[in-house]
Amino acid sequence: MRSRPSHHLDPHSEFVLDTHELGRRAGSMREVRRQLSAPPDWGLELVKVPPGSPVELDLRLESVMDGVLVSGTVTAPLSAECGRCLEPIRTELSAAIQELFSYQPDPEDEEASTLDGDLIDLAGLLRDAVLLALPLNPVCDEDCPGLCSGCGARLAEVGSEHRHDQIDLRWAALAGLTPPSTDPDDNGKTSPADVPGAADPKTQES
Ligand SMILES: [Zn+2]
Ligand SMILES: [Zn+2]
């Protein structure tokens, strides 16, 4: 239902194309370049087209038998966070779009896009294309080494020689401890009846 308007479209909206000049003679074609500002819902929490940022549309409208075929590209800035080192990423997203807007609603296809008079609503089409084109695992660099597991430093900045002696010290400290009971309800008193043949490690110590 995404492109079926429930009310009449606003011809002045950035997302609405008027096909009046194109006419309805099959074969006629028009190119449309337009800049608009990104709506607030083009993306996810960590990967998105920043709301209000400039979006470029480079479209081709073709009149065909049943309607108007819209094809072309949508290009927009993209902000994300590197999945390995959490560094902010600024890049660009470009998505291909193609959709037939029919003159008449198709009774057998509720989802089919239709024209509203001469008007085409691009909002749903563009949003779907942008969301599909979002990178799943954005990285600042294909070779990003991520973060140091010891201190959280960006390995790309601190270099591959970066090491921690503390890790070894910590392991040494842990190695000196007697393993405590892992069951909080147990209070260290394991009944020999529950664990046949196993003696309580606490009694063994003393
Ligand atoms: Zn990174
Ligand atoms: Zn470190």
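Predicted model: local features only at pLDDT ≥ 70, side-chain atom pairs only at ≥ 80, totals over all residues.
The protein chain comprises six strands and four helices. Along the sequence these elements are arranged as β-β-β-β-β-β-α-α-α-α. Of the 206 residues in the protein chain, 17% are classed as buried.

Helix H1, spanning residues 123-133, contains the buried residues Leu125, Leu126, Ala129 and Val130. Viewed down the helix axis, the buried residues of H1 lie within an arc of 125°, and they therefore line one face of the helix. This arrangement may be set beside the geometry of the α-helix, in which there are 3.6 residues a turn, so that residues three or four places apart point the same way. The partners against which the buried residues of H1 pack are strand E4 (67-81) and strand E5 (88-102).

The largest nonpolar core consists of 27 residues, of which Val49, Val74, Ala76, Ile120, Leu126 and Val130 touch the most other members. At least two residues of this core are supplied by each of strand E3 (54-63), E4, E5 and H1. The greatest contribution to the core is that of E4, with six residues. In soluble globular proteins, nonpolar side chains tend to be buried together.

Val130 belongs both to the buried residues of H1 and to the core members that touch the most others. With neighbours within four places in sequence left aside, the contacts of Val130 are Trp42, Val49, Val74, Ala76, Leu93 and Ala95.

How values were computed
Residues numbered from 1 in each chain as written. Chains lettered and ligands numbered in written order. Buried ≥ 20, exposed ≤ 12 C-beta atoms within 10 Å, placed from the backbone. Arc of directions from axis to C-beta. Contact = placed C-beta atoms within 7 Å. Core = buried A, V, L, I, M, F, W, Y, C linked by C-beta atoms within 7 Å.
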